[in-house]
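Here is a short report on one protein chain. It moves from the overall fold to single residues.

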Amino acid sequence: MQPWLVDKLDGDGVLDKNTRLTHKPRPRRCLQCGVPVLAAMDDLGQPAYLEPVPVNNAGELKALMTGRPTYALDHGAIYTRNHWHIRGRPADTEPTYAEHACGAPLPSRPPRPRPAATDHPPF
Ligand SMILES: [Zn+2]
């Protein structure tokens, strides 16, 4: 990428010049422990390294109680979940990602159950 474009995108807040992160999460590896993480620039323009598996309500509570912010996606870009998001759209109902902490896994969302195949229409 051309240096002038990097400067322009950095100035517009779309790209972090030092980390080359954007608002859209990308797979990376944690520099300390080497596990896969999602890396992005959050809505405040700070680098964020997220656990790649969404958390459930208990996982979000544990993350917040240990000082780890949680994030959700809006059109592919991450934003920090605040008390309005947490109350209105609990982590069990919306993909929610917690900040990565080395060696500190969180309760994650169970995989969505597949609808049982029946002969009865769902009504
Ligand atoms: Zn780590």
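## Overall fold

Of the contacts in the protein with a separation of 6 or more, 56% join residues 24 or more positions apart. Two residues count as in contact if their C-beta atoms, placed from the backbone, lie within 7 Å. The model is predicted: local features need pLDDT of at least 70, side-chain atom pairs count only at pLDDT 80 or more, and totals for chains, interfaces and linings use all residues. Residue numbers start from 1 along each chain as its sequence is written.

The protein has three helices and six strands. Along the sequence the pattern reads α-β-β-β-α-β-β-α-β. The radius of gyration is 17 Å, well over the 14 Å that the globule rule gives for 123 residues, so the protein is more spread out than a compact globule. That radius is taken over C-alpha atoms, and the globule rule is 2.2 Å times the number of residues to the power 0.38. The C-alpha atoms fill a box of roughly 60 × 35 × 30 Å, taken along the principal axes. Helices (H or I, at least four residues) and strands (E, at least two) are DSSP runs, numbered from the N terminus.

Strand E1 (residues 26-29) and strand E2 (residues 36-41) pair in the antiparallel sense over four bridges. Two strands pair if DSSP finds at least two bridges between them. Proline 27 stands opposite leucine 38 in E2. The hairpin has six residues between its strands, and glycine 34 takes a positive phi near 80 degrees.

Arginine 28 sits in E1. This residue is partly exposed, with 17 other C-beta atoms within 10 Å. The burial scale runs as follows: buried if 20 or more other C-beta atoms lie within 10 Å of a residue's own, exposed if 12 or fewer, and partly exposed in between, with C-beta atoms placed from the backbone. Not counting residues up to four places away in sequence, arginine 28 touches Val37 and Ala39. Proline 47 is 19 residues from arginine 28 along the chain, and their C-alpha atoms are separated by 12 Å.

## The three-stranded sheet

Three strands form an open sheet in the order E5-E4-E6, with antiparallel pairing. The edge strands are E5 and E6, and each pairs on one side only. The twist averages 40 degrees from one strand to the next. Helix H2 (residues 57-65) packs on the sheet and touches E4 and E6; its direction makes about 35 degrees with that of E6. For such angles, axes are lines fitted to C-alpha atoms, for helices over the stretch in contact, and angles run from 0 to 180 degrees between N-to-C directions.

Strand E4 (residues 70-74) and strand E6 (residues 96-98) pair over three bridges. Here tyrosine 71 stands opposite tyrosine 97 in E6. E4 and strand E5 (residues 77-80) pair over four bridges. Leucine 73 has isoleucine 78 in E5 as its bridge partner, and aspartate 74 stands opposite alanine 77 in E5. E4 and E5 form a hairpin with two residues between them. Histidine 75, in the turn, has a positive phi of about 55 degrees.

Buried residues make up 23% of the 123 residues. The largest nonpolar core has 16 residues, and those with the most contacts inside it are Ala40, Ala48, Leu50 and Ala98. The elements that give two or more residues to this core are E2, strand E3 (47-50) and E6. E2 gives the most, with four residues. A nonpolar core is a set of buried Ala, Val, Leu, Ile, Met, Phe, Trp, Tyr and Cys residues joined through C-beta atoms within 7 Å.

Alanine 98 touches a set of residues that includes Leu50, Val55, Ala63 and Leu106, not counting residues up to four places away in sequence.

## A buried loop residue

Alanine 91 lies in the loop between helix H3 (83-88) and E6. Is alanine 91 buried or exposed? Alanine 91 is buried, with 27 other C-beta atoms within 10 Å. Leaving aside neighbours within four places in sequence, alanine 91 is in contact with Val55, Asn56, Asn57, Gly59, Glu60 and Thr96. Leucine 9 is 82 residues from alanine 91 along the chain, and their C-alpha atoms are separated by 32 Å.
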